Amino acid sequence: MFSFLGIWQQIDHWDRQLFTRINQDWINPFFDMLMPFVRTSSHWMPLYLFLLIFALVNFKGRGAWWFVFFISTIALTDMTGTYVLKHNIQRLRPCNDPDVMLQVRLLINRCAAGYGFISNHAANHFGMATFFFFTFREVIPKWAWIGFAWAALIAYAQVYIGVHYPLDILAGALLGILIGRLTSLAFNKRFGFTIFDNQPIAAS
């Protein structure tokens, strides 16, 4: 007989097993130093500033609108993750979960309050990566994909340091991709960049 509860329990079991592998088994001193750094949003402020300058220099007014849509993508993923999913699903973070918290390798000073499903880090960064990809893929096709590698590294770091389960990351990434695709469609319909723009490209 079909049992949704039984299926969820199996998925949860696999999720916890994979978390243990990433957080406790697949570790090394270099990642212990790198992962807490890369998952800290403030460390990426120079990148966001570069994207703003790049868009403004090459596309002027449309570049300003691109940054408005970029920020809107982050706001939508963050609010959806927090107010629609986290507050309703209420899944504990591993570092707050009584079943596993004593075994978690927590590589930051404290475990964040609140719930873990979904990962807003994953949602926000995959949202940004998707929006960037679909708005710039015709302009810088060799580089447009790199945002996904960046987002994946930050998302993986969330599991590695002990604050999210892998399923939190997967769900967050899917939400980010969905919202990033929707905002990119809206932007491209009104302002889209193409290789035929008469603007100089500052980087390629």
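At what angle do helix H3 and helix H4 pack, and how far apart are their axes? Helix H3 (residues 45–89) and helix H4 (residues 120–136) pack at an angle of about 145°, with axes 9 Å apart. This is a predicted model: local features need pLDDT of at least 70, side-chain atom pairs count only at pLDDT 80 or more, and totals for chains, interfaces and linings use all residues. Residues are numbered from 1 along each chain as its sequence is written, and side-chain values use heavy atoms, without hydrogens and water.

**Overall fold**
- The protein has six helices and zero strands (DSSP runs: H or I, at least four residues, for helices; E, at least two, for strands).
- Its pattern along the sequence is α-α-α-α-α-α.
- The C-alpha trace spans about 60 × 45 × 25 Å along its principal axes.
- Of the 204 residues, 43% count as buried (under 20% relative accessible area, 1.4 Å probe, protein chains only).

**H3 and H4**
- H3 passes H4 in a right-handed crossing.
- The residues of this contact divide into 13 nonpolar, nine polar and two charged.
- Angles run from 0 to 180 degrees between N-to-C directions, and axes are lines fitted to C-alpha atoms over the stretch in contact.

**Surface patch**
- Phe4, Leu5, Ile7, Trp8, Ile11 and Trp14 form a nonpolar surface patch, with about 630 Å² of accessible area together.
- Patch residues have over 30% relative accessible area and no salt bridge, and nonpolar side chains are joined within 5 Å (a salt bridge is a side-chain nitrogen of Lys or Arg within 4 Å of a carboxyl oxygen of Asp or Glu).
- Ile11 lies in helix H1 (residues 4–25).
- Ile11 is partly exposed, at 32% relative accessible area (partly exposed runs between buried, under 20%, and exposed, over 50%).

Methods:
Left-handed = near helix turned anticlockwise from the far one by under 90°. Nonpolar A, V, L, I, M, F, W, Y, C, P; charged D, E, K, R; others polar. Patch = residues over 30% accessible without salt bridge, like charges linked within 9 Å, V, L, I, M, F, W, Y side chains within 5 Å. Areas by Shrake-Rupley, 256 points an atom, 1.4 Å probe, with all protein chains shown as cover.
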